[in-house]
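Subject: Structure for your files

Hello,

Please look it over first; my notes on the contacts follow below.

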Amino acid sequence: MDIVESLKNLFKERLQSVCLHNLGISASISHNGILLVLNRVSLDDIKLLKQHLKKFKKLYISPLLFEVDFLEQNKDYFCMEILELKENIKVLYGKNPVQNIDIESQALRNQIKREIASKILAVRSSFLELTLERKTVEDIAYRSLYNFYLISKYILYLLNIKQSQNVFEDVEKHFLINLENTKKLFFMPKRPTFDKLLPLFENYLKELENFLKIKI
């Protein structure tokens with residue numbers, strides 16, 4: 001039984017949509033994140049879904065679970081995520097949950113400013129609090145890289161640049177900032193040995209301050 005039929009059997013008429021997405025840190029790993037929309041969501045639904053998706057864990061990752069109106073009602077807080085879904089969502093069953101959601105430029109601008117400040121604080125805190133082992137540093141570095149890639153993409157979006165081939169280079173060019181270490185980490189074909197990763201990560205952490213200088 002495929003996942004759509006399995007979820008229809010599980011939630012019956014309450015199931016409104018089943019979609020694939022490429023959103024969040026999973027974007028660098030797989031395009032097979034699952035997004036579900038129900039008429040309402042309870043803790044029991046979350047527990048039930050968690051157990052149910054175990055049989056599909058090799059095929060699908062990063063489940064997202066929404067009520068019907070959740071994204072529309074909170075669109076000013078999830079502007080980038082909604083725009084990402086508009087770009088890459090694939091509907092397997094039901095309606096497209098983001099098709100009719102419009103994002104205002106000022107709301108997107110406000111989210112980007114919040115994300116820059118909060119993500120820099122989060123990376124700093126992680127660097128201060130966690131043990132500096134290879135796995136920990138890699139996890140902090142590569143998760144935050146995706147966040148700043150997305151931020152950079154939608155900074156350019158506000159400039160009406162929607163098909164950038166290299167978002168970090170274009171942000172450097174338009175705002176006269178240096179993202180050299182960010183680019184090195186992001187485009188490395190192989191992850192470096194730890195003795196090379198740590199100083200690169202430290203320089204990357206300093207470099208993130210440049211995002212605070214961007215006026216959008």
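A salt bridge here is a side-chain nitrogen of Lys or Arg within 4 Å of a carboxyl oxygen of Asp or Glu. A search of the whole structure finds 10 of them. This is a predicted model, in which local features need pLDDT of at least 70 and side-chain atom pairs count only at pLDDT 80 or more, while totals for chains, interfaces and linings use all residues. Residues are numbered from 1 along each chain as its sequence is written, and side-chain values use heavy atoms, with hydrogens and water left out.

One of the salt bridges joins Lys153 and Glu87 (2.9 Å, N to O). Lys153 sits in helix α6 and Glu87 in helix α4, 66 residues apart; helices are DSSP runs of H or I with at least four residues, numbered from the N terminus. Buried means under 20% relative accessible area, exposed over 50%, and partly exposed in between (1.4 Å probe, protein chains only). Lys153 is buried at 16%, whereas Glu87 is exposed at 55%. Glu84 joins these two residues in a network of salt bridges.

Glu172 also forms a salt bridge, with Lys183, at 2.7 Å between the closest N and O atoms. Glu172 belongs to helix α7 and Lys183 to helix α8 (residues 180-187), and both residues are buried.

Arg124 pairs with Glu209 in a salt bridge, with the closest N and O atoms 2.5 Å apart. Arg124 lies in helix α5 and Glu209 in the segment after α9, so the bridge ties together parts 85 residues apart in sequence.

Regards

How values were computed: Helices (H or I, at least four residues) and strands (E, at least two) are DSSP runs, numbered from the N terminus.
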